[in-house]
Amino acid sequence: MISVGYKKFPVLTLLAASVWLVSPASAWAGFEEGMAAIEQRDYSAAFAEFKPMAEQGMPEAQVNLGNLYMKGLGVPLDYVEARHWYEQAARQGDTTAESKLGVLYFYGLGAPIDMGEAARWFSKAAEQGDASAQAVLGSLYASGNGIDKDNAQAYFWYTLAAEQGNQNAADAKDSLVEEMAPGEMALALDRLAEWQKQKENAEALSLEKPKAKNAHVKKASKKATQKTKMNHKSQSR
């Protein structure tokens, strides 16, 4: 039985929403054609483009192929096949695939209902910053379905989702405050502070990497210039 807490979150919208992906960083022949076919609603053509790329291990194509099977577009509706392709992409850390797997296990589509597995996949997507998954994960912690009830964790995930504009999470967080003990709130705030610290450290590190790379390139270039000058001097003698 699904508790009232779940009704605050339209989990089904994660399933129903058309999550067609942008082109990947590296070019793959046929991907843009597949996306163009989606825009034209020629789903059979999109399937023909995405299938070989998915079989070669491209996560974006695997997710889109899963979406086609999930919605029965261009192929017969097949939740088992959709789950297969989402799993392939999720193993490569694809956030959308992780969230979709959470939905499948939540509703028992292509597999028996398994709230523990649903929570596990929503957790993976939430950790990577997916706001919808964060909101749903908050509701799972608040209700204790598929995961140990933990108001501090619920508040933490609701807050992260709300900061990304998820209104359902914002409303649920406000309601949850009334149920929380002072100790639970303190734990939630501590974790939020730690999360923010880790985020700032990661951002600082990402900024330092290009600087270090540029410094290395400049140093190598300087050495090459000095070596060239020395060679010229040696030849002039």
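Residues 1–8 keep a pLDDT under 50, and the model has 14 contacts beyond four places in sequence for them. pLDDT is the predictor's confidence in each residue, from 0 to 100, and contact means heavy atoms within 4.5 Å. Where pLDDT is low, the predicted coordinates should not be read in detail. The model is predicted: local features need pLDDT of at least 70, side-chain atom pairs count only at pLDDT 80 or more, and totals for chains, interfaces and linings use all residues. Residues are numbered from 1 along each chain as its sequence is written, and side-chain values use heavy atoms, with hydrogens and water left out.

The chain has an average pLDDT of 84, and 76% of the residues score at least 70. It contains 11 helices and zero strands. Helices (H or I, at least four residues) and strands (E, at least two) are DSSP runs, numbered from the N terminus. The pattern along the sequence is α-α-α-α-α-α-α-α-α-α-α. Of the 237 residues in the chain, 39% are buried. Buried means under 20% relative accessible area, exposed over 50%, and partly exposed in between (1.4 Å probe, protein chains only). Among contacts between residues at least 6 apart in sequence, 54% join residues at least 24 apart.

Two packed helices are described by the angle between their axes and the distance between the axes. Axes are lines fitted to C-alpha atoms, for helices over the stretch in contact, and angles run from 0 to 180 degrees between N-to-C directions.

The axes of helix 2 and helix 3 cross at roughly 155° and come within 8 Å. Helix 2 and helix 3 are therefore roughly antiparallel. Angles under 35 degrees count as roughly parallel, over 145 as roughly antiparallel, 65 to 115 as roughly perpendicular and the rest as oblique. The crossing of helix 2 and helix 3 is left-handed, that is, the near helix is turned anticlockwise from the far one by less than a right angle; clockwise would be right-handed. Helix 2 contributes Phe31, Glu33, Gly34, Met35, Ala37 and Ile38 to the contact, and helix 3 contributes Tyr43, Ala45, Ala46, Glu49, Phe50 and Met53. These residues comprise nine nonpolar, one polar and two charged. Ala, Val, Leu, Ile, Met, Phe, Trp, Tyr, Cys and Pro count as nonpolar, Asp, Glu, Lys and Arg as charged, and the others, Gly among them, as polar. Arginine 41 sits in the loop between helix 2 (31–39) and helix 3 (43–55). Its phi is positive, about 60°, although arginine 41 is not a glycine. Arginine 41 is exposed, at a relative accessible area of 66%.

Helix 6 (residues 95–107) packs on helix 7 (residues 115–127) at about 160°, with axes 8 Å apart. Helix 6 and helix 7 are thus roughly antiparallel, and their crossing is left-handed. Among the residues that meet are Leu101, Tyr105 and Phe106 in helix 6 and Trp121 and Phe122 in helix 7. The contact divides into nine nonpolar, three polar and three charged residues. Lysine 100 also lies in helix 6. Lysine 100 is buried, at 3% relative accessibility. Its C-alpha is 9.7 Å from that of methionine 70, 30 residues apart in sequence.

Helix 9 (residues 151–163) and helix 10 (residues 167–177) pack at about 150°, with axes 8 Å apart. This pair is roughly antiparallel. The contact includes Tyr155 and Tyr158 of helix 9 and Leu176 and Val177 of helix 10. Its residues are 10 nonpolar, two polar and one charged. Helix 9 and helix 10 cross in a left-handed manner.
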